[in-house]
Amino acid sequence: MGRIPREEFVPPESRLQSYQDEPVSIGYGQTISQPYMTALMAELLELHGDETVLDVGAGSGYHAAVLGALAAQVVSVEIVPELAALAAANLARAGLGGNVTVICADGSHGYPERAPYDAISVAAGAPEVPSALVDQLRDPGRLVIPVGPLIDQELLVVEKRHGRVDTHVAAYCRFVPLRGGGGWQ
Ligand code: SAH
C-alpha cells in the first residue's frame, strides 16, 4: 500500500485526506474505503501472487489497485457506470491498471464470465452472503464480505476447502450497502 499513490484515487478537492485513515466521499453517495479496512480485507484473503481475484464495488479503484499488487489478475465490478469509468481512469493514470479489468455490472451476482476466483473481496455490506459468490469461489478459496444490517456489519471470511465452506467473523465494520439482486436491491 505504501507503493500505491492513494491521492490518485481521491477526488482532487479531498486530496489533503489521501493518507488519513478514514473513508472519503467519491460522489454518487459512495466512499473510498478507510485504508485500514482495505488493508485488513486484503490481508484476510492471504494472497500469494498467482491468484485471480474478484473485487465487488470498484468505487475509486484503489482497493482493486491494492489487490492487483498482491495477485495476478483482478476483475473489479462496479454497478454505477460513472464510478466504473472513474475507477478505470484512476487505475490507468496511476499506471496500475495492467492486471485489473474494471467491469460495469451488478457484482452481487458475482461475475460468472471469469469464474472461478481464488479470492473474492466485497466492499459493500450485504444482508447475507450471496450464494452466487460462494458458487464462483474456487476450492480452495477465500471470500471476504461485510454482512449484516445497514447500520453496521460483521466482516465475514468465508473459506472453501475440501468441499466444505466455513465462515468466521474477522471484524466489525460499517460499509455502504451492496445494491442489486444479491444485495439490498
Ligand atoms: N473499493 C472501493 C470502495 C467503494 S464503496 C474503493 O476502494 O474505492 C462500495 C462500492 O460498491 C460503491 O462504489 C458502490 O457503487 C459499489 N456497489 C454497490 N453495490 C454494488 C453491486 N451490486 N455491484 C457492484 N458494485 C456495487
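Which residue forms a salt bridge with Asp 118? Arg 138 does, with the closest N and O atoms 2.8 Å apart. A salt bridge here is a side-chain nitrogen of Lys or Arg within 4 Å of a carboxyl oxygen of Asp or Glu. Arg 138 lies in strand 7 (residues 137-147) and Asp 118 in strand 6 (residues 117-122), so the pair ties together parts that are 20 residues apart in sequence. Helices (H or I, at least four residues) and strands (E, at least two) are DSSP runs, numbered from the N terminus. The whole structure holds seven salt bridges.

This is a predicted model, in which local features need pLDDT of at least 70, side-chain atom pairs count only at pLDDT 80 or more, and totals for chains, interfaces and linings use all residues. Residues are numbered from 1 along each chain as its sequence is written, and side-chain values use heavy atoms, with hydrogens and water left out.

Now the ligand. The ligand sits in the largest cavity. A cavity is a set of points, on a 1 Å grid over the protein atoms alone, where a 1.4 Å probe fits but cannot get out. To sit there, a molecule needs more than half of its atoms within 2 Å of the grid points.

Around the ligand are 24 residues, each with a heavy atom within 4 Å of it. Ser 60, Glu 78, Asp 106, Gly 107 and Arg 179 come nearest. By class, the shell has 12 nonpolar, nine polar and three charged residues. Ala, Val, Leu, Ile, Met, Phe, Trp, Tyr, Cys and Pro count as nonpolar, Asp, Glu, Lys and Arg as charged, and the others, Gly among them, as polar. Strand 2 (30-32), helix 2 (62-70) and strand 4 (73-78) each supply at least two shell residues. Strand 2 gives the largest share, three residues.

Polar contacts (pairs of N or O atoms within 3.5 Å) come next. A polar side-chain atom of Ser 60 lies 2.6 Å from a ligand oxygen. A polar backbone atom of His 63 is 3.1 Å from an oxygen atom of the ligand. For an N or O atom in the side chain of Glu 78, the distance to a ligand oxygen is 2.6 Å. The protein covers 99% of the 580 Å² of accessible area (Shrake-Rupley method, 1.4 Å probe) that the ligand has on its own.

A cis peptide bond joins Ala 115 and Pro 116, with omega about 5°. Pro 116 is in the loop between strand 5 (100-104) and strand 6. Another cis peptide bond joins Asp 139 and Pro 140, with omega about 0°. Pro 140 belongs to strand 7.

How values were computed. Polar contact = N/O pair within 3.5 Å; in protein donor to acceptor, adjacent residues only side chain to side chain. 1 Å grid on protein atoms, 1.4 Å probe; cavity = no way out; pocket = protein on both sides within 12 Å on 5 of 7 lines; lining within 4 Å.
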